[in-house]
Amino acid sequence: MKSRTRCRFLQVCIALGALQLGWANAAVLITDKVLPWPGGVVHWAYNPAGQPSLQTTEAWVDTMTDTMARWQAVCQVQFVYDGLTAQTTADGSAMRAVVQWDASQTASGRTMSMDAIFGVQTTGIRLRDYSLESFYTDGYAKYVDFFQGMFLHEVGHLLGLGHSDRPGSILYANPYHPERGYMRNLKGDDIAACAAIYGAKGKLSTALANPVQAVRAEPVLLAGESVRIVVTDAVSGAQDPTTFTHLPTVPADSTRIFIAVQFALAQATLRQRIELIAPDGSLYDYIEYTKPIGARGWTWYDIPAWTSYGALTLPGTWKAHFLVGGQVKATQSFEVPVSRGSLAQLPEPLVNLHPRDDGGVNAGIRLVSGAPLKSANWRDNDSGTFLDGTGVVLPARAGVRQAQARMTSASPRYVTASNGFAQEPGADIVRNLRWSAADWDGAWRASGEVLGSADSAVLWADMLLPRNLAGSQKLYIVAVAGGSQVFIKGAQGWQAWDGNVNSISAWTQVTAPILASFPVINYVDLNALPRPLQFYVGFGSSAAAMVQAQTFVPLASF
């Protein structure tokens, strides 16, 4: 069939006319699901030994129950409280999880598990009491706020979800977002992850799933009052705060950020609060001053380790609010730019299979760009046996074949378990391939797989080039934004196209016959490219040959 709408690809249709274009047959991927709690029913008991004295045992159970209810509101899970227990997580099982406090651990929360076939059976959550830290005892933040965010994250693990590689997720861990703010509300990828494993709720109860809302009222100043908010990377104490200049865009290389507030109020106050509002409008973080403060002066929120602060992973328009007694007195906007620094480096591997003369396949993993891989292994036909190494031989088998490649990054963890795919502990990237011996003598095919939510996604392509295409082939990745702007992905990332077909660079080069799986976009790409977006992949000896032979297909739109 002919379609002029698809000719926006590379804008070369202006010269070549309408092209013949058909959708490739979709490859069927292995979608093993982790289901540690059959039927989605989670029985749990609480061991109160060593609990913080901030609340009674009953109040702690209520806090935990309310937090669990946020997951229950978005997917087909049910938490059943079985009462108090003297047991620990070591006694937990598939029949009942245990929540306990443990002063010996360093993490504020940790989900415990035991090995199980093709996944992990979680047994409970261990908590450390940080309520006596000066940050909480001095009133700069509420420990129960921190606990809710931390516990919501850990309950996700209890349900079988791993750390997400989408920064918008509360299960993201590179770095963790602030527990007392951002992590108290479930996000799109978290909801999609739980639904992928247990099934979605018929009607999403947003109010129950996301109970923490930022104050959105317009600033109100009394007669004679004035407030000035400045976002700066100036060093505290190095200069007069009155000389600070607001930075509308925070430099990507800033190591320390101050949100400074100069105020002149009608009277002294007992409670002031600075809030950070994320680009999605949610409360990201806050700091409170609950001690008597004069009517005039300066205060600020110091973020000394900005380069490892989670805000850097969420580019867009941020806001800082200054509140007095719960009333917004001033707001200030600033931009956090897209950065491909250490927080944004993802491994970009080419997972590949080549047929052998004996009927088996050579399975390989080649890193094209991004963070290096620390280790890799393969599983053949769900046999349960893993073969270590980036290159292995999978023996000949009759019928439809399945193989799973598992990779661990040498950089801080990025994992895709939040999408509901089974993976063993430690794997950062899991790719599943399916083929048969007849495919090597059939037609070429390509398809895309979107993981995560629409606003924060990863898109992978699977492409099979059969024997009749034997030899060297270049792989091309193209994005068309807004129907007219064209971007080409090379080994060094995305670049705007200059209009010359011969200038289009390949992402990488392969040797056919091959079945390849490779990343097209990650969350950084989505944040960096204008929308709407249409992504394509193709192959050929050159870009011009690809366009002439029509060896490209659309994968997905955002």
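This is a predicted model: local features need pLDDT of at least 70, side-chain atom pairs count only at pLDDT 80 or more; totals for chains, interfaces and linings use all residues.
Residues are numbered from 1 along each chain as its sequence is written, and side-chain values use heavy atoms, with hydrogens and water left out.

**The disulfide**

A disulfide is a covalent bond between the sulfur atoms of two cysteines. The cysteines concerned are Cys 75 and Cys 194, whose sulfur atoms lie 1.9 Å apart. Because the torsion about their S-S bond is about 50 degrees, the disulfide of Cys 75 and Cys 194 is right-handed. Cys 75 belongs to the loop between helix H2 (57-72) and strand S2 (78-84), whereas Cys 194 belongs to helix H5 (residues 188-198), so the pair ties together parts that are 119 residues apart in sequence. Helices (H or I, at least four residues) and strands (E, at least two) are DSSP runs, numbered from the N terminus. Cys 75 and Cys 194 are both buried, where buried means under 20% relative accessible area, exposed over 50% and partly exposed in between (1.4 Å probe, protein chains only).

**Aromatic rings**

Rings of Phe, Tyr and Trp (its six-membered ring) pair if their centres lie within 6.5 Å, and planes under 30 degrees apart count as stacked, over 60 as edge-to-face and the rest as tilted. By this rule the count comes to 24 aromatic pairs. One of them joins Trp 60 and Tyr 143 edge-to-face, at 6.5 Å centre to centre and with 75 degrees between the planes. Since Trp 60 lies in helix H2 and Tyr 143 in helix H4 (residues 143-158), this pair ties together parts that are 83 residues apart in sequence. The rings of Phe 135 and Tyr 136 are also edge-to-face, because their centres are 5.6 Å apart and their planes stand at 90 degrees.

| Residue | Relative accessibility | Class |
|---|---|---|
| Trp 60 | 0% | buried |
| Tyr 143 | 3% | buried |
| Phe 135 | 25% | partly exposed |
| Tyr 136 | 12% | buried |

Ring pairs link these residues into a cluster whose members include Trp 101, Tyr 140, Phe 146, Phe 147, Phe 151 and Tyr 289.

**Charges over rings**

A charge sits over a ring if NZ of Lys or CZ of Arg is within 6 Å of the ring centre and within 35 degrees of the ring normal. Lys 187 lies over the face of Tyr 182, 4.2 Å from the ring centre, and the charged end of Arg 406 sits over the ring of Phe 386, at 4.6 Å from its centre.

Terms used
A disulfide is a pair of cysteine sulfur atoms within 2.5 Å.
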